[in-house]
Amino acid sequence: MDEKWLVDNVAVMRQIGSDRQTYEVKEAKGGLPKSTVETLSAFSNGAGGHIILGLSEKNGFVPVEGFDARKIADALASACDNLTPPVRPLIEILPFEGALLVCARVDEMHPRDKPCYITARNRYDGAFVRTSDGDRRLSSYEVDRLLEEHRQPTYDDEIVPDAAMDDLDGQLVDGFVRRQKELHPRILGGRSSEDVLLDLHVAKRSGNTLRPTIAGLMAMGSFPQKFFPRLNVTFTAFPGVDKATPAGSSKRFLDAQTVIGPIPYMIEDVLGAVTKNMRTGAVIEGAFRKDVPDYPRVAVREAVANALMHRDYSPEARGSQVQVNMYADRLEVLNPGGLYGDVTIDTLGVSGVSSSRNQFLSNILETTPYPEGGYVVENRGTGYQEIEEQLERAMMTPPKPKNSTVNFSLTFDKRRILPKEYGGAATGVDKAILAYLDKHSSASTADLVKESGMARSTISAHVKKLIGEGRIEPTEPMRSPKQRYRLCKD
């Protein structure tokens with residue numbers, strides 16, 4: 001933090017008319033606001049942030065008269081000791097427009113130290129997280145998920161009390177045991193199938209009875225949803241760019257499926273649903289015809305496998321399913337439970353950084369066979385790298401991860417139409433179309449006509465010209481009734 005940093009950030013806040021998600025501005029003329037400790041907790045539990053004291057947001061982010069910077073800086077430092085663990089921000093007094101302001105940079109705490117909470121209010125009442133430009137109290141579920149970072153969760157190792165070994169798929173179990181003995185002949189080669197299942201926590205003893213664990217049931221159960229109805233996957237194809245029914249359409253969604261069964265079957269069935277609902281184009285390269293799908297199948301498979309492997313299987317989350325949502329311009333895979341351990345948005349795909357919330361399930365899936373051959377996961381921390389490589393190979397934008405305490409999502413932008421798949425050229429209103437597309441992920445001709453008030457033929461002419469210039473691109477083959485347009489990325 002320095003004077004230039006302060007000037008630049010205040011200028012941005014003046015322009016947008018409010019502070020931002022990672023910035024909290026307070027007047028603090030009469031003393032340190034009581035809510036400051038909530039903000040310290042929120043920034044520590046989130047991605048960090050900055051606090052600026054002595055500035056009036058309601059008056060246009062101008063310095064407050066009579067603000068005692070030294071007194072407030074000392075009060076802020078003392079307030080940091082009112083949290084557990086204590087917060088240790090960088091606090092500086094910086095000049096600004098003839099006055100002195102107190103600025104503090106609060107770093108995100110390591111996962112094992114969260115939740116950071118107001119000591120006098122206990123962790124379930126005094127832990128906060130930043131949303132938009134305000135602080136929200138963490139729910140009990142969110143606090144419990146943060147506490148899981150202090151120890152290895154074992155929900156996947158719990159016995160399913162009503163399940164029996166007959167509830168496992170014999171074919172999957174045989175393939176699993178055979179593969180384990182092949183991989184570890186010295187350790188497991190001479191053991192019985194029952195011992196292998198016990199050793200690898202596919203099953204555990206309940207008294208004198210052998211019963212599947214949640215990990216064993218989800219990986220190899222013939223019908224896991226008999227015991228956990230919501231541990232499934234929902235696939236929905238929406239006609240527009242959000243879940244709302246598009247204007248002029250009677251269809252809320254184009255396809256909707258609830259996918260059930262063990263994890264390998266669910267992955268394959270979701271992949272089939274995505275394939276059914278996406279476009280697969282074709283280009284001629286030399287003497288060969290090459291199919292080019294909207295979303296690479298390997299990348300989709302990895303994303304769904306990761307979602308099912310790393311989702312939260314705690315009792316509070318067993319009523320939530322993995323969601324795969326296909327929109328007109330993107331595919332989203334969403335699972336309950338955020339990233340775990342040392343894995344963060346910044347370290348996703350980084351070699352050597354890997355943490356597994358469900359250690360037994362991850363190990364089991366490594367040798368759980370797909371019906372058509374191969375195994376569900378490699379369990380080498382390379383799944384995200386594979387997704388990135390597949391998208392890059394298809395000349396698509398990188399995946400977009402989004403993480404919170406309660407869920408994680410991965411979004412793929414729809415593949416751009418290759419020049420060999422469409423043709424067209426023409427001419428001019430260009431700025432208005434480009435400005436609209438700069439604010440929206442995509443738009444149809446009808447959207448542009450409605451926004452501009454111009455004739456459809458006029459808009460169509462300008463759209464064709466912009467395509468020809470390589471400034472915008474269609475998301476569907478030419479003449480498709482679902483055609484939309486978006487900006488070409490550099």
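This is a predicted model: local features need pLDDT of at least 70, side-chain atom pairs count only at pLDDT 80 or more; totals for chains, interfaces and linings use all residues.

Trainee: Why is Cys-116 called buried, and why is Cys-488 called partly exposed?

Mentor: Buried means under 20% relative accessible area, exposed means over 50%, and partly exposed is in between (1.4 Å probe, protein chains only). Cys-116 has 0%, so it is buried. Cys-488 is at 25%, so it counts as partly exposed.

Trainee: What makes Leu-83 buried, and what does Leu-83 touch?

Mentor: Its relative accessible area is 1%, so Leu-83 is buried. Contact means heavy atoms within 4.5 Å. Not counting residues up to four places away in sequence, Leu-83 touches Cys-116 as well as Val-37, Leu-40, Ser-41, Tyr-117, Ile-118 and Thr-119. Leu-83 sits in strand β5 (residues 83–84); strands (E, at least two residues) and helices (H or I, at least four) are DSSP runs, numbered from the N terminus.

Trainee: Which strands make up the open sheet of 6 strands, and in what order?

Mentor: The order is β14-β13-β17-β18-β20-β19, with mixed pairing. Two strands pair if DSSP finds at least two bridges between them. Strands β13 and β17 (residues 322–326) have 5 bridges, in the parallel sense, whereas β18 (residues 330–336) and β20 pair antiparallel over 7 bridges.

Trainee: What makes β14 and β19 edge strands?

Mentor: Each of them pairs on one side only. For β19 (residues 400–403), the partner is β20, antiparallel over 4 bridges. A hairpin of 3 residues joins β19 to β20, and Asn-403 stands opposite Phe-408 in β20.

Trainee: Why is β20 described as largely enclosed?

Mentor: Of the 7 residues in β20 (residues 407–413), 6 are buried, so the strand is largely enclosed by the rest of the structure.

Trainee: Is Thr-234 buried or exposed, and which residue is its bridge partner in β17?

Mentor: At 13% relative accessibility, Thr-234 counts as buried. Thr-234 belongs to strand β13 (residues 233–237), and its bridge partner in β17 is Gln-323.

Trainee: How about the open sheet of 4 strands: why is one side of β1 and of β6 left without a neighbour?

Mentor: The order there is β1-β2-β7-β6, again with mixed pairing. Strands β1 (23–26) and β6 (90–96) each have a single partner strand, so one side of each lacks a neighbour in the sheet. Strand β1 runs parallel to β2 (residues 49–53), joined by 4 bridges, and Glu-24 has Ile-51 as its bridge partner in β2.

Trainee: How do you know that the buried residues of α14 line one face?

Mentor: In helix α14 (residues 430–439), the buried residues are Asp-430, Ile-433, Leu-434, Tyr-436 and Leu-437. Seen down the axis, they fall within an arc of 160°, so they line one face of the helix; that arc is taken over the directions from the helix axis to the C-beta atoms. The face turned away carries the exposed Lys-431, Asp-438 and Lys-439. Among what covers the buried side are α15 (445–452) and α16 (456–468).

Trainee: Last one: which residues touch the most other members of the largest nonpolar core?

Mentor: They are Ile-263, Val-274, Val-324 and Phe-412, in a core of 66 residues. Helix α11 (residues 297–310) gives the largest share, 8 residues. Apart from it lies another core, of 24 residues, among them Ala-28 and Val-106. A nonpolar core is a set of buried Ala, Val, Leu, Ile, Met, Phe, Trp, Tyr and Cys residues joined through side-chain atoms within 4.5 Å.

Notes:
Residues are numbered from 1 along each chain as its sequence is written. Side-chain values use heavy atoms; hydrogens and water are left out.
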